[in-house]
Amino acid sequence: MSNAPYRFAPLQRLLHWLMAACIFAMLFIGVGMVSTVMPNYLPLILIHKTLGVALLALVAIRLALRLYYGAPPLPANLPMVMKLGAKLSHQMLYALMVVMPLLGLGMLWAAAYPVVLYGGLQIPALLPQSDGLHTLLWNAHVYLGFAFFALVLLHLAAGLFHALIRRDGVFETIAPLPLRDKDIITMKTLRSAAIAPAIQNTPGQQDRIA
């Protein structure tokens, strides 16, 4: 616990903001696909498919980095309900980042549509053609897309809440810009406060932590 980072690793931060931009693009392109007709539809679906597959690869890398580097602890004075909400919302975000591209691919495969990405790369079909399965996957993709959009907005609101109202260093753990000295001091202080209870409540832990 004493080795927990006070900020996400640079590669984690880069992936976070890159994926955030891609997810917003995916969501708005998805809305555009539903509301447009030819000839704009085909370029949009090509971008949508390519971004979806790219996001699926990026989230796999991000999950691996999360397991390797870990995550900074939340402030010790953050209410338990907010800590639980943060944990559950992150789990749901990761789940949807995996599920949504898979649903999209499955939907296309079930409709016997070729999944061709930019550069002519084609992903072979892993599901048989089925009208019933296509309808099921299409509905799931659409309705979970609305849920995903709402969850992303909630995540954005939470980030602004931490950055502008609580000012507790949580936003700075993932901020894309270099930190000021006072921000680093604040984050290190919050980290120390967060791990102190764990040290105090574990017999003999003080002797094992340098």
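A nonpolar core here is a set of buried Ala, Val, Leu, Ile, Met, Phe, Trp, Tyr and Cys residues joined through side-chain atoms within 4.5 Å, where buried means under 20% relative accessible area, exposed over 50% and partly exposed in between, with a 1.4 Å probe and protein chains only. Keep in mind that this is a predicted model: local features need pLDDT of at least 70 and side-chain atom pairs count only at pLDDT 80 or more, while totals for chains, interfaces and linings use all residues. Residues are numbered from 1 along each chain as its sequence is written, and side-chain values use heavy atoms, with hydrogens and water left out.

Let's start with the overall layout. The chain has six helices and two strands, taken as DSSP runs (H or I of at least four residues for helices, E of at least two for strands) and numbered from the N terminus. Read from that end, the order is α-α-α-β-β-α-α-α. Of the 210 residues, 33% count as buried. Among contacts (heavy atoms within 4.5 Å) with a separation of 6 or more, 70% link residues 24 or more positions apart.

Now to the cores. The largest nonpolar core holds 22 residues, and those with the most contacts inside it are Met19, Ile23, Leu55, Met97, Phe148 and Val152. H1, H2, H3 and H4 each give at least two residues to this core, with the largest share, eight residues, coming from H1. Ile23 is a handy place to look: apart from neighbours within four places in sequence, Ile23 touches Leu55, Met97, Phe148 and Val152. There is also a second, separate core of five residues, including Leu105, Leu108, Trp109 and Val115.

Helix H4 is worth a walk of its own. The buried residues in H4 include Leu137, His141, Gly145, Phe148, Leu151 and Val152. An α-helix has 3.6 residues a turn, so residues three or four places apart point the same way. His162 also sits in H4, and counts as buried because its relative accessible area is 11%. Beyond neighbours within four places in sequence, His162 is in contact with Leu78, Met82, Arg167, Asp168, Val170 and Phe171.

That brings us to Arg167, in the loop between H4 and helix H5 (181-200). Arg167 is not a glycine, yet has a positive phi of about 50°. With 65% relative accessibility, Arg167 counts as exposed. Ala112 also has a positive phi, near 65°, and lies in the loop between H3 and strand E1 (115-116).

Finally, the second largest pocket. A pocket is an open set of points on a 1 Å grid over the protein atoms alone, where a 1.4 Å probe fits, with protein on both sides within 12 Å along at least five of seven lines; lining residues have an atom within 4 Å of a point. This one contains about 890 Å³ of space, a volume being the space filled by probe spheres set on the points, which are joined across faces, edges and corners. Of its 33 lining residues, Gly30, Met33, His48, His141 and Val142 are the closest to the centre. Helices H1 (10-35), H2 (41-69), H3 (80-110) and H4 (131-166) each contribute at least two lining residues. By class, the lining has 24 nonpolar, eight polar and one charged residues, where Ala, Val, Leu, Ile, Met, Phe, Trp, Tyr, Cys and Pro are nonpolar, Asp, Glu, Lys and Arg charged, and the others, Gly among them, polar.
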